[in-house]
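Please look over the sequence and the model below before reading on. The report that comes after them moves from the whole chain to some of its parts.

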Amino acid sequence: MAAPMRVLLRRVIRLSLRNVPVEVASAAAARRCFSEAAGDRSTHFGFETVPEAEKAKRVYQVFENVAQKYDVMNDAMSLGVHRLWKDMLLHVMHPQPGARLLDVAGGTGDIAFRFLDYIRSQQERQRRRAAKSSQTPSWQDISGSYTTEDEDRPRESGAVVCDINKEMLKVGKQKADNMGIRAGLSWVAGDAEELPFADDQFDIYTIAFGIRNVTHIDQALQEALRVLKPGGRFMCLEFSKVTNPLLARLYDAYSFQMIPVLGEVIAGDWKSYQYLVESIRNFPDQEEFKDMIEDAGFYCVQYYNLTGGVVALHSGFKL
């Protein structure tokens with residue numbers, strides 16, 4: 001119980017500094033701590049309460065069921081806006097050639113594909129700048145370029161897509177083949193709570209619309225910290241709390257009345273999309289999740305609300 005109590009104490013101190021009523025704001029955290037102390041190992045699956053061991057199996061089944069229609073449903077549910085959210089993630093990330101990305105819960109490859117495309121555009125921009133600045137090189141420049149070419153060659157960029165669900169990985173690999181993307185990309189089956197990578201391996205860790213499905217979010221955050229290099233960046237794109245009351249009512253109506261219907265019509269699966277909607281409502285809001293990222297050990301943590309808080313982009317650094 002010592003570790004959860006330390007986390008709770010940090011949250012109480014932080015909330016008191018914000019002049020937020022501690023008794024109210026930290027009640028959920030306190031209940032989690034006390035339930036752990038009592039040996040209660042249940043968690044939520046949508047609006048259901050289930051044993052922790054059962055949640056992982058049920059989440060796996062959800063994504064196995066929807067894998068083939070996952071991308072089509074993303075377009076239908078968000079009216080295509082999910083593409084803009086992912087583009088914004090890459091814009092804020094602004095990766096440079098040589099960066100190594102780990103995209104967790106990224107089975108269909110959307111983030112990895114964008115990352116590699118962004119890196120290619122950066123490399124092309126650098127080549128154009130270099131060509132423009134040395135249009136008439138001297139014989140010394142030409143000679144030097146041959147002797148130092150291997151020494152100065154930048155490290156190759158790479159993206160690793162890690163997902164616990166093999167069906168999602170299969171869909172992602174097929175997309176990569178159809179797009180002709182092979183270089184710099186690898187696919188690994190792995191659990192966000194126990195990543196199959198050594199310490200200090202990656203420059204950037206991303207998880208887009210996946211962390212809310214993890215049983216122990218705090219453990220997944222610790223794993224993210226572990227596999228990042230010092231100076232590495234954690235970035236999470238996830239559904240969050242809508243800030244505008246009118247938009248929140250419209251969003252709730254659309255989520256509960258339309259999304260499961262779309263799931264039934266397009267994917268033939270009402271229940272999986274009912275769970276996905278419920279899982280969004282159970283996820284911590286922007287400030288609470290920011291606190292969790294800080295508790296995991298990340299620094300300079302901040303978030304950006306997208307589409308009025310329908311989605312939030314969280315960012316933090318390993319120092």
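Predicted model: local features only at pLDDT ≥ 70, side-chain atom pairs only at ≥ 80, totals over all residues.

Residues are numbered from 1 along each chain as its sequence is written, and side-chain values use heavy atoms, with hydrogens and water left out.

The secondary structure comes to 15 helices and nine strands, where helices (H or I, at least four residues) and strands (E, at least two) are DSSP runs, numbered from the N terminus. Of the 319 residues of the chain, 45% count as buried, a term that means under 20% relative accessible area, with exposed meaning over 50% and partly exposed in between (1.4 Å probe, protein chains only). The chain exposes about 16,600 Å², of which carbon and sulfur atoms supply 56%; accessible areas come from the Shrake-Rupley method with a 1.4 Å probe.

Helix 13 has Ile259, Pro260, Leu262 and Gly263 as its buried residues. Seen down the axis of helix 13, these buried residues fall within an arc of 155°, so they line one face of the helix; the arc is that of the directions from the helix axis to the C-beta atoms.

| Partner of helix 13 | Residues |
|---|---|
| Helix 14 | residues 270-282 |

The axes of helix 13 and helix 14 come within 7 Å and cross at roughly 145°, the axes being lines fitted to C-alpha atoms over the stretch in contact, with angles running from 0 to 180 degrees between N-to-C directions. Contact, meaning heavy atoms within 4.5 Å, is made here by residues including Ile259 and Val261 of helix 13 and Trp270 and Tyr273 of helix 14. Helix 13 is followed by Gly268, whose phi is positive, near 65°.

Where does Gln201 lie? Gln201 has its place in the loop between strand 5 (185-189) and strand 6 (202-208), and Gln201 is partly exposed, with a relative accessible area of 29%. Leaving aside neighbours within four places in sequence, Gln201 is in contact with Arg100, Val227, Leu228 and Lys229. Gln201 and Leu228 are 27 residues apart in sequence and 5.6 Å apart in space, C-alpha to C-alpha.
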